[in-house]
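I opened this entry to get my bearings in a structure I had not seen before.

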Amino acid sequence: MSALLEIREATKVFGGLTAVNKVSFDVKQGQIVGLIGPNGAGKTTVFNLITGNYRADGGTITFDGRSLAGLRTHRIVQLGIARTFQNIRLFQQLSAVENVLAGRHCRTGAGALAAMLRLPGQRREEREAAERAAAELSFVGLRGQAMELARNLSYGNQRKLEIARALATDPRLVILDEPAGGMNENETEELIGLIRRIQARGITVLLIEHDMSLVMKACENIVVLEYGARIAMGPPEAVKQDRRVIEAYLGTDEELA
Amino acid sequence: MEQFLQQLTNGLAVGGIYALIALGYTMVYGVMKLINFAHGDLFSCGAYLGLTLLTGLALQDRVGPVAGLLVLAVLVVVLVALLGAILERAAYRPLRESPRLSAVVSALGASIFLQNALMLVYGARFQVYPSGVLPEIAVSVLGVQVPLMRILVVLVSLVMMGALYLFVQRTKVGTAIRAAAIDQGAARLMGIDVNRVILLVFLIGPALGGAAGLMVGLYYGQIGYQMGLLYGMKAFTAAILGGIGNIPGAMVGGLLLGVVESLGAAYVSLAWKDAIAFLVLILILIVRPTGLLGERVAEKV
């Protein structure tokens, strides 16, 4: 299996703080990979480097053999990387289905002029986009809430809606930033099922998560960061027994105690 | 009753024009959080371009009165939309990453530039539209004789507003505009090219403003290079009245302002016409600081 996403010595410096320090790892096609580490370890920064929110200060990130350096964010989405956010960033004043349609935008070609003239090709495209949006809503289990405003959805459902919106962009890699944040056990269990179904569609998944049961159950490969550096990498069983990982997590507990 | 209906229809015509201009302010504000102070001057450009094309091309003599007017309207709308796009490229895009105040200063500069350009090209005196572009007949509405031109202004502005509303609410491009207005960063991460959305907003807003300028020229007959100032200010008031950033708000605010102003001028005092308009603004902002349809937006930290 070839690597879909290759991160080599990625580095990001904020002022005097090296948030991400020469981090390297691969995400192979079709895998579910977890990125874990204590708070402030640089996980979200890595995500922001991949999606072009931040410009790396060093290292390379290649997606499907293509360097992402200098690409604008919406171009990276067009290449096939979609994401969700740790602090939900839905379009709160739009309905659920409109949020998903916004994600569909980059895969439809008809421009504003065609839309104003209501050209036949554009109308077909609008219809297909609407069908696809409905399909993604059912996929995450929100079919009944299509017309609901995003802000009126429960927290767990907002997280699902973010996933539906990301899937609507036709990604090959979907990046989930703490998808289980604020979810109860049942919802987390459901989420694991959803992540597996995303994988079954042939979409590669990279996720950040603090819920260890989710990470251990769902991920085939885990990358552990601490203070911006990679301290371990491998399958869940191996990572669980890694001395440095145990120190990174339990060490903080001891200091607190 | 007669006077009331005359003033009401007049108010709707003026209000429709305010609303068309207000849409340009509110759409740009919605997406960029910037007041495009040059917008009123794009409206003036529409009036002047309309005059030049009307007298220069003599379209009405060539293709007939109705078709000539339609071609004229399309030309004005397209040209002013292009001016808007050029303005965005030249005055705002280079400042996209700068503090917001820089763009505001750039907007003021662009406004002065356009005003002076109009003055240099057309002169500082008022210009007069030729008469007889449309037959000067009156139509009976509820037993009152209303000039045809006034009815056309009301209808055209309502149709344009309706079309814009459907475009923004129903199409995918419209959804992209609304998404970018709510969260530019998230919109980018969903694959929306925000730069294109901004360009589009700078095509649509000026297009509507240009149409309004042409209608003012045809309706009142007289135009001046500084006309954009007062109309722009009134339309800006209308946008705030309805809730800045809110598209239906700009429509409602514009119509309401036009009617209130027109009735106020008739029944209260003609001299206080403009003061009444701004008094309405102050009153509404005291009761509803976010405007009629505006939402209470939590301050981002």
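I began with burial: a residue is buried if 20 or more other C-beta atoms lie within 10 Å of its own, exposed if 12 or fewer, and partly exposed in between, with C-beta atoms placed from the backbone. This is a predicted model, in which local features need pLDDT of at least 70 and side-chain atom pairs count only at pLDDT 80 or more, while totals for chains, interfaces and linings use all residues. Residues are numbered from 1 along each chain as its sequence is written, and chains are lettered from A and ligands numbered from 1 in the order in which they are written.

**Entry 1: Gln145(B)**

Is Gln145(B) buried or exposed? I found 12 C-beta neighbours inside 10 Å, so Gln145(B) counts as exposed. I placed Gln145(B) in strand S3 (residues 144-147) of chain B. Helices (H or I, at least four residues) and strands (E, at least two) are DSSP runs here, numbered from the N terminus. Next I looked for contacts, meaning two residues whose C-beta atoms, placed from the backbone, lie within 7 Å. Leaving out residues up to four places away in sequence, Gln145(B) touches Ala138(B) and Ser140(B). I also checked Ser262(B): it is 117 residues from Gln145(B) in sequence and 17 Å away in space, C-alpha to C-alpha.

**Entry 2: helix H5 of chain B**

H5(B) covers residues 100-122, which is 23 residues. The helix reaches 33 Å from its first C-alpha to its last, close to the 33 Å expected at 1.5 Å a residue. That expected span is 1.5 Å times one less than the number of residues. Which residues of H5(B) are buried? I listed Ala103(B), Ser106(B), Ala107(B), Ala110(B), Ser111(B), Leu114(B), Gln115(B) and Leu118(B). An α-helix has 3.6 residues a turn, so residues three or four places apart point the same way. The buried residues of H5(B) pack against helix H2 (39-57), helix H4 (65-92) and helix H10 (227-242) of chain B. After H5(B) comes Gly123(B), with a positive phi near 90 degrees.

**Entry 3: chain B as a whole**

I counted twelve helices and four strands in chain B. The radius of gyration is 19 Å, close to the 19 Å that the globule rule gives for 301 residues, so chain B is as compact as a globular protein of that length. The radius is taken over C-alpha atoms, and the rule is 2.2 Å times the number of residues to the power 0.38. Buried residues make up 50% of the 301 residues in chain B.

**Entry 4: strand S9 of chain A**

I moved to chain A, which has ten helices and ten strands. Why is strand S9 (residues 221-226) of chain A described as largely enclosed by the rest of the structure? Six of its six residues are buried, so S9(A) is largely enclosed. Asn221(A), Val223(A) and Leu225(A) point one way from S9(A), while Ile222(A), Val224(A) and Glu226(A) point the other way. In a regular strand the side chains alternate between the two faces of the sheet.

Then I looked at pairing: two strands pair if DSSP finds at least two bridges between them. Strand S3 (residues 32-36) of chain A pairs with S9(A) in the parallel sense over four bridges. Within S9(A), Val223(A) is the bridge partner of Leu35(A). Strand S10 (residues 229-234) of chain A pairs with S9(A) in the antiparallel sense over five bridges. There, Met233(A) is the bridge partner of Val223(A). S9(A) and S10(A) form a hairpin with two residues between them. Tyr227(A), in the turn, has a positive phi of about 45 degrees.

**Entry 5: the sheet around S9(A)**

I traced an open sheet of six strands in the order S6-S7-S8-S3-S9-S10 (chain A), with mixed pairing. Strand S6 (81-83) and S10 of chain A are the edge strands, each pairing on one side only.

**Entry 6: where the chains meet**

The contact takes 26 residues from chain A and 19 residues from chain B. On the side of chain A that touches chain B, the largest share, five residues, comes from H3(A).
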